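I opened my notebook to look up a few places in this model. My notes follow the order in which I looked.

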Amino acid sequence: MGTETPFGSREFYIKQVMDKSEVLKNKAKAIRNEVIRITTRNKAGHIAPSLSCLDILVALYYDVMSYRPENSVWKGRDRLIFSKAHGCYALYAILSDKGVMPKKEWENFYKEESSLLGCMERKLEYGLEAGCGSLGHGLPIAVGVAFGALIKGSHYHTYCVVGDGELQEGSAWEALQFAVKHGVHNLTVIIDRNKLQAMDFIVNVLDRDEDALVKKLEGFGLTPVACPGHDVVQLVECMKEIRLSITNMPKVIVADTVKGLGMKCMENVPKFHFRIPVCSQM
Ligand SMILES: Cc1ncc(C[n+]2csc(CCOP(=O)(O)OP(=O)(O)O)c2C)c(N)n1
Ligand SMILES: [Mg+2]
C-alpha cells in the first residue's frame, strides 16, 4: 500500500488509468447505440461499414487526436482524412457529441432537414476534412496533407482511415510509394480490416489470401502493426505508441474489425453492406 509514483500513490495512479479506460469503453458503447438508433430510425443505408470503424474513431476523437471542438479550423489540429467515406455515420455521431457540428444535423441525418450527405463531403466548419465518396482518394489526400506539414514545418499529425477493399485502388499504392520515398513519417494510416468489400468477401474478389494485404504493405517497405479493431483502449495505446516511434516511414495500423458489429443479423454478412436491418440490437 501507498507506494509512491511521480503521479501520487500507486493505487491512485492505477485507479486513474482504469477510470479513463472505463470512460472510453462506455463512450464507445454509447456512440454505437447512438449510431444504431439514428440510422435505423432514419433509414440510412451504410450502417454496417460505419459500425466497423466506430471504435477506431472513438479512440482518435476521445483520446489520441489533438483538436479544438469549438474551433474546427484551428491550424494546429491533427487531421483525419476519412477515406472510406460511405462509413461516416459514426464520425457524424462523434462530431455531434463533441459539439463540432450541430446536434440537429445528425438527428435529422438522411432527411431533407439535414445537410449531411450519405457519403461524407468536405465541410470544415463541421470538422469534415475531405470528401472521399469515390474510394481510393483519401490516402493520396492524406499523404499530401502530411507532406505539406513536413514542408511547412507544421507539427500536426495526419490520420487516414481506409477500408481494406478500397485499398485495391491503384491510387492508394501510388500514394504509399510516395510517402515511403519521401519519408512522410507524420502520417498514420489505419486500415479497417473487416475482410469485406461491398457485397462480398475480399478473398472472393481480388486478394489471393487473407495475408495478401499485409504482404503487400511489407513489400512497399512498411511495417504494419496489428491491433484488435474493437478494443478502444488497445487502439489508443497502439496509436500513441506508433505515433511516438522514431522512423522516417509512414505508420500503418491494421485493425481487425467486424462489419456491422452491434447488430447481430448484420455482423459479417455481405448483403448488409447497404441495407436497413430487420433484427434487434445485440
Ligand atoms: C471508386 C469507387 N468504386 C466503387 C465504389 C462503390 N463502393 C462503395 S463502398 C464499397 C466497398 C468498399 O469496401 P471497403 O473499402 O472494404 O469498405 P467497407 O465497406 O468494408 O468498410 C464500394 C465498392 C465507390 N464508392 N467508389
Ligand atoms: Mg472492408
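**Entry 1: A59**

The model is predicted, so local features need pLDDT of at least 70 and side-chain atom pairs count only at pLDDT 80 or more, while totals for chains, interfaces and linings use all residues. Residues are numbered from 1 along each chain as its sequence is written, and chains are lettered from A and ligands numbered from 1 in the order in which they are written.

I found A59 in helix α3. Helices (H or I, at least four residues) and strands (E, at least two) are DSSP runs, numbered from the N terminus. Next I listed what A59 touches, leaving out residues up to four places away in sequence: V64, V232, L235, V236 and M239. Two residues are in contact if their C-beta atoms, placed from the backbone, lie within 7 Å. I also checked A59 against E166: they are 107 residues apart in sequence and 22 Å apart in space, C-alpha to C-alpha.

**Entry 2: α3 and α4**

I stayed with α3 (residues 54-64) and looked at how it packs on α4 (residues 89-97). The angle is about 30 degrees, and the axes are 9 Å apart. Axes are lines fitted to C-alpha atoms, for helices over the stretch in contact, and angles run from 0 to 180 degrees between N-to-C directions. That angle makes α3 roughly parallel to α4. Angles under 35 degrees count as roughly parallel, over 145 as roughly antiparallel, 65 to 115 as roughly perpendicular and the rest as oblique.

I noted the crossing of α3 and α4 as right-handed. A crossing is left-handed if the near helix is turned anticlockwise from the far one by less than a right angle, and right-handed if clockwise. Which residues meet? From α3 I wrote down L54, L57, V58 and Y61, and from α4 A90, L91 and I94. By class, this contact of α3 with α4 has seven nonpolar, no polar and no charged residues. Here Ala, Val, Leu, Ile, Met, Phe, Trp, Tyr, Cys and Pro count as nonpolar, Asp, Glu, Lys and Arg as charged, and the others, Gly among them, as polar.

**Entry 3: α1 and α10**

I moved on to helix α1 (residues 10-42) and helix α10 (residues 232-244). Their axes come within 9 Å and cross at roughly 115 degrees. That makes α1 roughly perpendicular to α10. I listed S21, L24, K25 and A28 on the α1 side, and V232, V233 and V236 on the α10 side. The contact of α1 with α10 divides into five nonpolar, one polar and one charged residues.

**Entry 4: α6 and α7**

I then looked up α6 (residues 138-152) and α7 (residues 170-181). Their axes come within 7 Å and cross at roughly 20 degrees. The two helices are therefore roughly parallel to each other. α6 passes α7 in a left-handed crossing. L139, P140 and V143 of α6 meet S171, A172, A175, L176, F178 and A179 of α7. I sorted the contact of α6 with α7 into eight nonpolar, one polar and no charged residues.

**Entry 5: ligand 1**

Which residues come nearest to ligand 1? Of the 20 around it, they are P49, G163, G165, E166 and Q197. A residue is near a molecule or strand if its C-beta atom, placed from the backbone, lies within 6 Å of it. I saw that α2 (47-52) and β6 (196-197) each supply at least two residues of the shell. The shell holds four nonpolar, 11 polar and five charged residues.

**Entry 6: two positive phi values**

Most residues other than glycine have a negative phi. I found K195 with phi near 65 degrees, a positive value. K195 is in the loop between β5 (187-193) and β6. K195 counts as partly exposed, because it has 17 C-beta neighbours inside 10 Å. I noted A198 too, with a positive phi near 45 degrees. A198 lies in the loop between β6 and β7 (200-201).

Methods:
A residue is buried if 20 or more other C-beta atoms lie within 10 Å of its own, exposed if 12 or fewer, and partly exposed in between; C-beta atoms are placed from the backbone.
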